[in-house]
Amino acid sequence: MTGSFRKMAGGGGCVAVLAACLVALATGAEIQRNERGKTMIPGNSVINLGQQTNTWRPLAKTTANLTDVRSIKSTFEFRTFDPEGVVFYGDNHSGEEWFILALHGGVPEIQIYKADILVSATGGPRLDDGQWHLMEVSTEGKFVLLEVDGSKALTVGLHSQEVKEVITGQLRLALGGILIDSSRLLVPLRPEMDGCVRAGSWLDLTEPWEMVEGGAELRPCLEAIQRGSYFPGSGFAVFNVSALRIEAPKGRVDIVLGGDFAQMNGTVLSLRGGDHALALGLEINNHSQTMLFTYGKTEITMSAITKKLRLMFRERFFAVSYDGDYLIDSATDPTVEQSIWREGHLAIGGLLGEEEDAVGSNFLVGCLEKVVVQGKQLDMDLSDKDVSISSHSCPVR
């Protein structure tokens, strides 16, 4: 996606019962501005990593002289439901040597470049369980160690005749992104991390962190979270259907949506063909507790008191299964072209418009626990999405 999908006014107001549960952790951060107008916060602040507008650029960074480093250990607490993304990055001499701690498949992964060595190692417990974990990264001679909750999780050793002790120069640390080109990674990964860190002690440095992304109003970390994708009513996620590589033999496509639809308001899903015509729209009115399906020129209203919907597209009919029971079974609208599965766009959390440069309205407020297309769970990190959307976590009501 190229970012051509711009937001339009029209996002619905918050659903009262959902908004009431958005209890945030206090950051404890004394927000300040430096001489360049950048937001500065203490390193031990509660920091939400999932608010970047640039996927690789870190959310926050700090710089120090190597001569000021008095500890070879960094500790922090970390929480996420996201199985993949960058947590912590460090380098010296502007990237001549660097270190990355990330998650891959929910498991910690370390990548290191030093002199002529580029290594990657994965191991330890899965951390994408939504619980706070105490992380400790340290060095012992030629080894880099990762401890999780007091137990050794991963040890990476490296040795080179070209490695020389470096005691001068600058050290850079970053959260939620990297400061080198992604092509230098040994193992490719998606950088976006919907997670939070707190109580950080970064090599015992006292320098504040500069927020590379965002301003003084940092997105908080919620007190309690559950799995799902949260849409706060200010944007949506758009997928290019061709990129999803949907196999639709004879137009047979199934989409499964999970969540408490009675607690949502706004557009859950919309589908637009290559001719920019709206093929499908699903909107929820929280006040009337109803759902409106727009399929081509057909409109159908039904109750929103459900937690699972299955949309079934077939060559000659379209049907909706509501908690296992069929509620809609209608002949395929001839205005809906099957080419949508090759060249259309699928939006989650907003209503697509009819023109390429004017789309997005009636944005969703609520938590979608799952969106499954042809048996495959959609990852919002793979979409062109608004920065306000939390891809892998929702507030607990």
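The largest cavity is lined by ten residues, and those nearest its centre are Asp260, Gln263, Met264, Cys367 and Arg397. This is a predicted model, in which local features need pLDDT of at least 70, side-chain atom pairs count only at pLDDT 80 or more, and totals for chains, interfaces and linings use all residues. Residues are numbered from 1 along each chain as its sequence is written, and side-chain values use heavy atoms, with hydrogens and water left out.

## Cavities and pockets

A cavity is a set of points on a 1 Å grid over the protein atoms alone where a 1.4 Å probe fits but cannot get out; a pocket is an open set with protein on both sides within 12 Å along at least five of seven lines, and lining residues have an atom within 4 Å of a point. Grid points are joined across faces, edges and corners, and a volume is the space filled by probe spheres set on the points. Searching the whole structure gives two cavities of 30 Å³ or more. The volume of the largest cavity is about 50 Å³.

The lining of the second largest pocket has 30 residues, with Gln377, Leu378, Asp379, Met380 and Leu382 nearest the centre of this pocket. At least two lining residues come from each of strand E18 (237-240), helix H2 (241-244) and strand E30 (376-377). E18 gives the largest share, three residues. Helices (H or I, at least four residues) and strands (E, at least two) are DSSP runs, numbered from the N terminus.

The table sets out the two linings by class; Ala, Val, Leu, Ile, Met, Phe, Trp, Tyr, Cys and Pro count as nonpolar, Asp, Glu, Lys and Arg as charged, and the others, Gly among them, as polar.

| Site | Volume | Lining by class |
|---|---|---|
| Largest cavity | about 50 Å³ | three nonpolar, four polar, three charged residues |
| Second largest pocket | about 630 Å³ | 13 nonpolar, eight polar, nine charged residues |

## The chain as a whole

The chain holds three helices and 32 strands. Of its 397 residues, 52% are buried, where buried means under 20% relative accessible area, exposed over 50%, and partly exposed in between (1.4 Å probe, protein chains only). Among contacts (heavy atoms within 4.5 Å) with a separation of 6 or more, 71% are between residues 24 or more positions apart. The accessible surface is about 17,900 Å², and carbon and sulfur atoms account for 49% of this area. Accessible areas come from the Shrake-Rupley method with a 1.4 Å probe; for residues, only the protein chains shown count as cover.

## Two open sheets

Two strands pair if DSSP finds at least two bridges between them. Strands of a sheet pair through backbone hydrogen bonds, either parallel or antiparallel.

E5 (residues 73-80) and E10 (residues 133-140) pair over six bridges; Phe76 stands opposite Met135, and Lys73 opposite Ser138. E10 is also joined to E11 (residues 143-148) by six bridges, with Glu136 facing Glu147 in E11. The hairpin of E10 and E11 has two residues between the strands, and Gly141 there takes a positive phi near 65°.

## An enclosed strand and a buried glutamate

Strand E13 (residues 170-175) is largely enclosed by the rest of the structure, because five of its six residues are buried. E13 pairs in the antiparallel sense with E4 (residues 60-65) over six bridges and with E6 (residues 85-92) over five bridges. Thr63 stands opposite Arg172 in E13, and Tyr89 stands opposite Ala174.

Glu97 is found in strand E7 (residues 97-104). Glu97 counts as buried because its relative accessibility is 14%. Apart from neighbours within four places in sequence, Glu97 is in contact with Gly90, Asp91, Asn92, Tyr113, Lys114 and Ala115.
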